[in-house]
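I opened the notebook to keep track of what I look up in this structure.

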Amino acid sequence: MDEWMNDPAMKKLDPVKLELIKAAVMQTQGKSGKALVPVMMTLITGANKKGIRFTQEEIALILDLLKEGKSQEERMQIDRMVQMIQMMQKNGGPPERH
């Protein structure tokens, strides 16, 4: 279950970021692709509020962890979610609803 902790990239992470990732992984276990969206949003926005910014490489690592054991469809949902999050980060927040 915790094989991902042995990934060499995990050892390079800031301990605070690592704790956030651990919490996100625990919250997403057994969830489908769509259910991962709020967890990722909470992870990123919570980190941002604390002044923590994940690099693109760190985000890719997190996503690889979240994709483990998921179907191709769920992996595609995760990829779409990432695109949405990246657009929101570039635009400074969630899209306005009318």
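Entry 1: I began with Lys17, which is buried, because its relative accessible area is 11% and the cut-off for buried is under 20%. I note that the model is a predicted one. I looked up where Lys17 sits, and its place is in helix H2. Next I asked which residues Lys17 is in contact with, leaving aside its neighbours within four places in sequence. I found Ile52, Arg53, Phe54 and Glu58.

**Entry 2: the partner of Lys17.** I looked at the side chain of Lys17 and found a polar contact with the side chain of Glu58, at 2.8 Å. The two side chains also count as a salt bridge, 2.8 Å from N to O. This pair links distant parts of the chain, with Lys17 in helix H2 and Glu58 in helix H4, 41 residues apart. Is Glu58 buried or exposed? I read a relative accessible area of 13% for Glu58, so Glu58 is buried.

**Entry 3: the other salt bridge.** How many salt bridges does a search of the whole structure find? I got two. Besides the pair above, Glu19 forms a salt bridge with Lys22, and their closest N and O atoms are 3.4 Å apart. Both Glu19 and Lys22 lie in helix H2, three residues apart, which is about one turn of the helix. I wrote down the general rule: an α-helix has 3.6 residues a turn, so residues three or four places apart point the same way. Glu19 has 47% relative accessibility, so Glu19 counts as partly exposed. Lys22 is at 28%, so Lys22 is partly exposed too.

**Entry 4: helix H2.** I checked the length of H2, residues 15-28. Its 14 residues should span 20 Å at 1.5 Å a residue, and the end C-alpha atoms are 20 Å apart, so the two agree. I then listed the buried residues of H2: Lys17, Leu18, Leu20, Ile21, Ala24, Val25 and Thr28. They cover an arc of only 160° around the axis, so they are on the same side of H2. At the N-terminal end, Asp14 caps H2, with a side-chain oxygen 2.7 Å from the backbone nitrogen of Val16. Just after H2 comes Gly30, with a positive phi of about 80°.

**Entry 5: helix H4.** I moved on to H4, residues 56-67. H4 has 12 residues and reaches 16 Å from its first C-alpha to its last, close to the expected 16 Å. Which residues of H4 are buried? My list reads Glu58, Ile59, Leu61, Ile62, Leu63, Leu65, Leu66 and Lys67. Gly69 follows H4, and its phi is positive, near 80°.

I also picked out Gln56, which lies in H4. Gln56 has 47% relative accessibility, so Gln56 counts as partly exposed. From Gln56 to Gln86 I counted 30 residues in sequence, yet their C-alpha atoms are 9.8 Å apart in space.

**Entry 6: the whole chain.** Last, I stepped back. The protein chain has five helices and zero strands. Its elements run α-α-α-α-α from the N terminus on. Of the 98 residues, 37% are buried. Among contacts with a separation of 6 or more, 56% come from residues 24 or more positions apart. The chain exposes about 6600 Å², and carbon and sulfur atoms supply 54% of it.

Conventions:
Residues numbered from 1 in each chain as written. Predicted model: local features only at pLDDT ≥ 70, side-chain atom pairs only at ≥ 80, totals over all residues. Heavy atoms only, no water. Helix = DSSP H or I, 4+ residues; strand = E, 2+ residues; numbered from the N terminus. Expected span 1.5 Å × (residues − 1). Buried < 20%, exposed > 50% of the residue type's maximum accessible area, 1.4 Å probe, protein only. Contact = heavy atoms within 4.5 Å. Areas by Shrake-Rupley, 256 points an atom, 1.4 Å probe, with all protein chains shown as cover. Arc of directions from axis to C-beta. Polar contact = N/O pair within 3.5 Å; in protein donor to acceptor, adjacent residues only side chain to side chain. Salt bridge = Lys/Arg side-chain N within 4 Å of Asp/Glu carboxyl O.
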